[in-house]
Amino acid sequence: MKKRLLFADDEQNLRFLYQTEFSGEGYEVEVAQDATEVLAKLEKNTYDLVVLDIQMPGMNGIEVMEKILSANKRQKVVLNSAYSVYKDNFMTWAADAYIIKSADLTELKDKIKELLEQ
Amino acid sequence: MMPMLTLIMAGGRGERLYPLTRDRAKPAVSFGGIYRIIDFTLSNCLNSGIRQIYLLTQYSNVSLERHLKLGWNFFNRELGEFIESIPPQYRTENQWYVGTADCIFQNINLLQREKPERVLILSGDHVYKMDYQDMIKFHHDTGAEVTVAAAEIPKRQASQMGVMAVDKTFRISEFLEKPTDPPTMPGRDDVSLVSMGVYIFNTPKLVRELIRDSKTNSEHDFGKNILPDMMARKEKLFAYPFKDKNQKKAKYWRDIGSLDSYWEANMDLVSVNPDFNLYDQEWQIRTYQGQYPPAKTVFVNEKEARVGQVLDSLVSGGCVISGGRVEKSILSPWVRVNSYARVEESILMEGVEIGRHARIRRAIIDENVKVPARFQIGINPEEDVKLFSITPGGITIVPSGMILEKPAQELIIKN
């Protein structure tokens, strides 16, 4: 069965990129543009892994992760940000991985593969 | 960056001290006449030069908050000093703290804000004198990730506690919660090292362990989960052998776990040479004291045996022993003992009044109880048991505000 991924990012281009690239890798991919959409989707569906951008309008990715983990402590979460400074925030340590955004998706792909194989 | 932040867990419900904990959290329970249990830990901090303290509170904290506000608000934020109490924030979960580790995990934002290098975790309901600086030095010298303060307890008493097995350098090799056969310390096969619930963690390690534990279905408790799990991964944990600042032969550390041990610990204070010394000017215990007139005894009418006397007792300000006799007892402020009454081996909390000819033995009487004239407590167990709860050790407990006067009119029940 295909593994299900949920990507949250406020940039439409990136959502499109994730959709295309990860569908191409054989995953079932859904995208969300903000925290509200992520949480709504998680109410209805289950995902093997959720990838969250940190800086989004409204609730940021770290807060979303806190909400996700308090509802389901086993949910796998990857934080995916253009900034490394958030690594100083202790709550980001609760993520299964923290990936610095890059045009090259190799690191993100490898990490997701590794986490899903665990 | 702050070198160390202190977190005191003051959220225990203290069910085994019920009814003393009916209206107040365990750390706010009165002890030794004028003190609250929390005063001992806070005084240790003050005397150890520790001045960055958060108190994590939870149940029934009104009395505790009031005590902190009145007695412990002298630290200066402008100098980077503080004692602040933090109620549950419900940041991640809408429920009370599940265990000790959950209590710290739910307050991880405090660590985020202060970014301390190390965190000293204390419990707000123990009675002991300890210089935490010695432990900090030990933590530094050993290069431990976690240091656990350890009290030396006779092996036979250790099986109800968190017990550590250590090597010669005091590195912990095993951490066992309530073991049936407790390990003993090197060279002393009758003594076990038990955890005092006092921990120093390097902050990054603490955060990682709390997060790891939060993702499991454990009891989220340091003694039951975090420390044993770390031991299983061969982490560097050391036991710090507790050095008592009490200047007594026996080391003193009490977790006031039951009404009987509460009564005994108080009774120790009135003995000639108590195990726990309140009179040490080098290690003073601070508390909040209101404006009380001096304690007073009145009447020396020996012919009629109407003599106000106090023997082997602690008597707080505002008390009047008016022609009654008090022996081996602890009196909080504003207690009144009237003529011909006798009080022995008892703890009378603030505002208690003992009527004429009343007799009190081996009792704990909580705040503002008026004992009527000729009333007897602790003398006749068959009668007592109809009105009061009696501990396994035979101490009669009178909860605060209980009305002991007979109703003015007898209640007539018609068929």
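The model is predicted, so to speak: local features need pLDDT of at least 70, side-chain atom pairs count only at pLDDT 80 or more, and totals for chains, interfaces and linings use all residues. Residues are numbered from 1 along each chain as its sequence is written, while chains are lettered from A and ligands numbered from 1 in the order in which they are written.

**Where the chains meet**

Chain A puts nine residues into the contact and chain B puts in ten; two residues are in contact if their C-beta atoms, placed from the backbone, lie within 7 Å. On the chain A side, that's four nonpolar, two polar and three charged residues. Here Ala, Val, Leu, Ile, Met, Phe, Trp, Tyr, Cys and Pro count as nonpolar, Asp, Glu, Lys and Arg as charged, and the others, Gly among them, as polar.

**Two domains in chain B**

Chain B splits into domain 1 (4–269) and domain 2 (296–398), with bounds from an automatic or database domain assignment. Taken over C-alpha atoms, the centres of these two chain B domains are 35 Å apart. Twelve residues of domain 1 are in contact with 17 residues of domain 2. Helix H8 (residues 259–269) of chain B supplies the largest share of the domain 1 side, six residues. Helices (H or I, at least four residues) and strands (E, at least two) are DSSP runs, numbered from the N terminus. That domain 1 side divides into seven nonpolar, four polar and one charged.

**The core**

The largest nonpolar core has 151 residues, and B:Val148, B:Ala150 and B:Ala239 have the most contacts inside it. Such a core is a set of buried Ala, Val, Leu, Ile, Met, Phe, Trp, Tyr and Cys residues joined through C-beta atoms within 7 Å. Strand S11 (residues 191–202) of chain B gives the most to this core, seven residues. Leaving out residues up to four places away in sequence, B:Ala239 touches several residues, including B:Met164, B:Phe170 and B:Leu193.

Most residues other than glycine have a negative phi, and most peptide bonds are trans. The table lists the exceptions discussed here.

| Site | Backbone angle |
|---|---|
| B:Tyr18 and B:Pro19 | cis peptide bond, omega about 10 degrees |
| B:Lys328 | positive phi, about 45 degrees |
| B:Trp334 | positive phi, about 60 degrees |

B:Lys328 is partly exposed, with 16 other C-beta atoms within 10 Å, whereas B:Trp334 is buried, with 21. The cut-offs are 20 or more for buried, 12 or fewer for exposed, and partly exposed in between, counting other C-beta atoms, placed from the backbone, within 10 Å of the residue's own.
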